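Subject: Structure for you to look at

Hello,

Here is the structure I promised to pass on. Please open it first, then read my notes beside it.

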Amino acid sequence: MIQPRSVAVGGAHPYTISIGPGLLDDTALLAGTLRGDAFVISDDQVAPLYLQRVVEALSRARPGGRIGHWVLPAGEASKTLARFGEAIAAIAEAGLRRDATVYALGGGVVGDLAGFAAAAWMRGIDCVQLPTTLLAMVDSSVGGKTAVDLPQGKNLVGAFHPPRAVLADTGALRTLPPRELRAGLAEVVKYGAIVDAPFLDWLEANADALLAGDDAALAEAIARSCAHKAAIVERDPYEHGDRALLNFGHTFGHAIETGQGYGGLNHGEAVAVGMVQAARLSERLGLAPAADTARLRALLQRFGLPVSPPPGLDADALLAHMRLDKKAQSGGLRFIVWDGAGRARVLAGVPEATVRAVLAGD
Ligand SMILES: NC(=O)c1ccc[n+]([C@@H]2O[C@H](COP(=O)([O-])OP(=O)(O)OC[C@H]3O[C@@H](n4cnc5c(N)ncnc54)[C@H](O)[C@@H]3O)[C@@H](O)[C@H]2O)c1
């Protein structure tokens with residue numbers, strides 16, 4: 001039996017991340033997150049699997065309380081202003097008051113959109129994240145970033161809205177398609193890459209167990225990742241400094257996602273490619289040894305992740321997306337680079353020619 005774990009996130013709006021099997025049914029935990037009405041937002045792949053369980057547990061947590069729900073089509077293509085508008089319309093229809101809580105049941109797409117809806121409704125009501133993908137458990141559900149995409153770029157419209165609680169039910173990972181599990185492992189690797197080189201050793205040693213869905217290995221990977229994310233967002237909740245390190249691989253990754261119209265590589269896969277590109281950029285700038293790039297590439301490949309961009313993406317278009325990326329500033333392209341495994345930092349003013357060379361595979 002795996003014991004539930006918890007990670008505390010401090011700062012102005014402290015909350016707890018609970019990690020363990022069976023949390024979606026945990027009436028006592030859910031009761032602690034509920035003050036008024038509950039409204040669950042999910043997608044049409046997750047809802048048939050878990051919505052009823054959550055609604056029943058919330059009913060036990062608050063007998064007689066009103067529990068509404070709204071379901072959107074699964075996938076990144078749903079993370080739009082139009083769907084956000086539909087979510088707000090459903091919330092308005094349900095008549096949610098200030099003491100209501102929105103429950104985001106699903107992966108990062110649901111978490112980001114539902115979190116943004118909770119941030120905007122009546123200028124902000126409580127949101128509890130119930131992440132069901134590995135990626136959402138280790139990254140998107142923690143830290144309070146919420147957003148939707150525009151055709152011009154990822155996550156361009158959103159708000160900082162820390163959750164009231166995060167309940168990561170590791171049992172939900174059993175139904176997760178293997179491709180999505182691997183996508184989450186990309187974000188797990190990221191923590192090793194940016195701040196915790198010994199975690200990379202651990203991931204190398206436990207790769208088979210993680211890929212096989214071993215509960216104890218997954219719980220350890222999630223708890224360690226969340227502890228890193230918690231420490232970083234506590235220090236820098238609004239991304240004025242260190243928090244940008246969490247975007248290692250994301251400038252390249254977001255450009256790829258936007259360039260392919262949110263339909264090819266998923267987010268974790270694009271980040272895997274992006275991290276290798278960021279390592280290659282660091283290598284090219286003379287900051288880090290080639291051996292570290294090779295090690296990162298090998299670990300991502302072991303997790304079945306892509307490590308080079310899909311063919312047919314135009315370098316000019318990718319650079320245009322990078323210029324619009326939120327990490328870009330008026331002074332030129334800004335990247336998260338590393339000085340080797342576990343030592344990432346922000347670097348501004350990176351010459352476009354160097355980025356082009358990396359994109360060209362030189
Ligand atoms: N807010 C943040 O800080 C942050 C951080 C990282 C990523 N993100 C965002 O997260 C999104 C990606 O999240 P994702 O990878 O979770 O994608 P996702 O939400 O699209 O989920 C992936 C797929 O898995 C399905 N699914 C989810 N849980 C399942 C389960 N337990 N069983 C079966 N199927 C399940 C979903 O229906 C979907 O089809 C991106 O939009 C990205 O920008 C946000």
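Gly361 comes after helix H13, and its phi is positive, near 85°. Helices here are DSSP runs of H or I with at least four residues, strands are E runs of at least two, and both are numbered from the N terminus. H13 itself covers residues 352–359. Its buried residues are Thr354, Val355, Ala357, Val358 and Leu359. Buried means under 20% relative accessible area, exposed means over 50%, and partly exposed lies in between (1.4 Å probe, protein chains only). What covers those buried residues? The cover includes H9, H10, H12, strand E10 (333–338) and strand E11 (344–350).

A word on the source. This is a predicted model, where local features need pLDDT of at least 70 and side-chain atom pairs count only at pLDDT 80 or more, while totals for chains, interfaces and linings use all residues. Residues are numbered from 1 along each chain as its sequence is written, and side-chain values use heavy atoms, with hydrogens and water left out.

UniProt, in an unreviewed entry, places a "binding site" at Glu187, His250 and His267. These three span 81 residues in sequence, yet no two of their C-alpha atoms are more than 10.3 Å apart, so they gather at one spot. UniProt positions follow the numbering used here, feature names are shortened, and annotations may be inferred rather than shown by experiment.

His250 sits in helix H9. It is buried, at 5% relative accessibility. His267 belongs to helix H10 (residues 267–284). His267 is buried too, with a relative accessible area of 18%. Which residues does His267 touch? Setting aside residues up to four places away in sequence, they are Leu135, Lys154, Glu187, His250, His254 and Glu257. Contact means heavy atoms within 4.5 Å.

Next, how the helices pack. H9 (residues 250–259) and H12 (residues 315–324) meet at an angle of about 120°, and their axes are 9 Å apart. Axes are lines fitted to C-alpha atoms, for helices over the stretch in contact, and angles run from 0 to 180 degrees between N-to-C directions. H9 is therefore oblique to H12. The cut-offs are under 35 degrees for roughly parallel, over 145 for roughly antiparallel, 65 to 115 for roughly perpendicular, and oblique for the rest. H9 supplies Thr251, Phe252, Ala255, Ile256, Thr258 and Gly259 to the contact, and H12 supplies Leu318, His321 and Met322. By class, that contact has five nonpolar, four polar and no charged residues. Ala, Val, Leu, Ile, Met, Phe, Trp, Tyr, Cys and Pro count as nonpolar, Asp, Glu, Lys and Arg as charged, and the others, Gly among them, as polar.

The axes of H10 and H11 (residues 290–302) come within 9 Å and cross at roughly 170°. That makes H10 roughly antiparallel to H11. On H10 the contact uses Ala272, Met275, Val276, Ala279, Arg280 and Glu283. On H11 it uses Ala290, Thr293, Leu296, Arg297 and Leu300. Seven of the contact residues are nonpolar, one is polar and three are charged. An α-helix has 3.6 residues a turn, so residues three or four places apart point the same way.

Now move to residues 71–182. UniProt places "domain: 3-dehydroquinate synthase N-terminal" there, again in an unreviewed entry. Over this stretch the chain is 35% helix and 29% strand, and the end C-alpha atoms are 25 Å apart.

Find Ala147 in strand E7 (residues 145–150). Is Ala147 buried or exposed? It is buried, with a relative accessible area of 5%. Beyond four places in sequence, Ala147 touches Lys79, Asp112, Leu113, Phe116, Asn155, Val157 and Gly158.

Thr101 is in strand E5 (residues 101–106). Thr101 is buried, at 0% relative accessibility. Its contacts beyond four places in sequence include Thr33, Leu34, Asp126 and Val128.

Met122 is not a glycine, yet has a positive phi of about 50°. Met122 lies in the loop between helix H4 (108–120) and strand E6 (126–131). Glu239 is not a glycine either, and its phi is positive, about 60°. Glu239 lies in the loop between helix H8 (215–235) and H9. Met122 is partly exposed, at 34%, and Glu239 is partly exposed, at 22%.

Best wishes
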